[in-house]
Amino acid sequence: MSSLESAIDYVVTPVPASPLGTIRIRASARGIREIAFVEAPDETPHPSALTDACRAQLSDYLQGERREFDLPLDPVGTPFQRRVWAALAEIPHGQTRSYADIARHIGNLKAMRAVGAANGRNPIAIVVPCHRVIGRNGQLTGYAGGLERKAWLLALERHGHADSGALAGVPGQGDHHQDHRR
């Protein structure tokens with residue numbers, strides 16, 4: 001394993017009123033392998049040019065200054081999971097989709113539960129925007145990082161900023177605007 005295979009870095013979110021906390025970034029020689037929420041740094045950081053670029057882009061995004069990421073990705077998963085993650089990456093900033101929408105997008109409407117499972121195993125939070133997937137009825141559904149983080153991220157994308165009242169203006173959480181396709 002090269003030194004880049006074990007590249008790891010952290011972002012301690014500097015955003016006021018953010019529930020996001022500390023974010024761990026892992027990279028391989030081919031790209032970003034993981035972006036995950038952690039309670040605190042749990043390993044010694046070994047940053048690389050790639051984790052530095054990811055940290056900078058995440059910081060810009062969290063400040064409302066970036067809408068898209070330009071990073072090579074290297075998630076580890078099954079071919080089905082990678083298809084789902086690729087579909088997630090196509091959800092436009094500030095919009096949401098249902099599990100049925102994603103299943104339809106990958107050409108397998110019967111795979112809604114499998115889509116949900118793949119969504120929950122997404123190793124690259126925020127950049128592969130699994131937070132943009134909501135229930136068919138517009139309600140927030142599970143998120144590996146917790147619903148408070150999901151609501152905060154959706155509010156950030158809708159308004160360019162988010163605060164402790166992030167649930168206001170999020171589909172199914174205080175307003176009735178739904179922009180996902182059925």
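Predicted model: local features only at pLDDT ≥ 70, side-chain atom pairs only at ≥ 80, totals over all residues.
View 1. His-131 belongs to the loop that runs between helix H4 (112–120) and strand E5 (133–134). Its relative accessibility is 0%, so His-131 counts as buried, the limit for that word being under 20%. Leaving aside residues up to four places away in sequence, His-131 touches Tyr-61, Ile-126, Tyr-143, Lys-150, Leu-153, Leu-154 and Glu-157. With one of these, Glu-157, the side chain of His-131 also makes a polar contact of 2.9 Å.

**View 2. The aromatic pair of Phe-37 and Tyr-143.** A pair of aromatic rings is described by two values, the distance of the centres and the angle of the planes. The count of aromatic pairs here comes to two. In the pair of Phe-37 and Tyr-143, the ring centres are 6.2 Å apart and the planes stand at 65°, which is over 60 degrees, so the pair is edge-to-face. This pair links distant parts of the chain, since Phe-37 sits in strand E3 (residues 32–38) and Tyr-143 in the loop between E5 and helix H5 (147–159), 106 residues apart. Phe-37 is buried, with a relative accessible area of 17%, and Tyr-143 is buried as well, at 11% relative accessibility.

**View 3. The aromatic pair of Tyr-61 and Phe-69.** The rings of Tyr-61 and Phe-69 form a tilted pair, with 5.4 Å from centre to centre and 45° between the planes. Tyr-61 has a relative accessible area of 1% and is therefore buried. Tyr-61 is also one of the residues that His-131 touches.

Conventions: Residues numbered from 1 in each chain as written. Heavy atoms only, no water. Helix = DSSP H or I, 4+ residues; strand = E, 2+ residues; numbered from the N terminus. Buried < 20%, exposed > 50% of the residue type's maximum accessible area, 1.4 Å probe, protein only. Polar contact = N/O pair within 3.5 Å; in protein donor to acceptor, adjacent residues only side chain to side chain. Contact = heavy atoms within 4.5 Å. Phe/Tyr/Trp six-rings, centres within 6.5 Å; stacked < 30°, edge-to-face > 60°.
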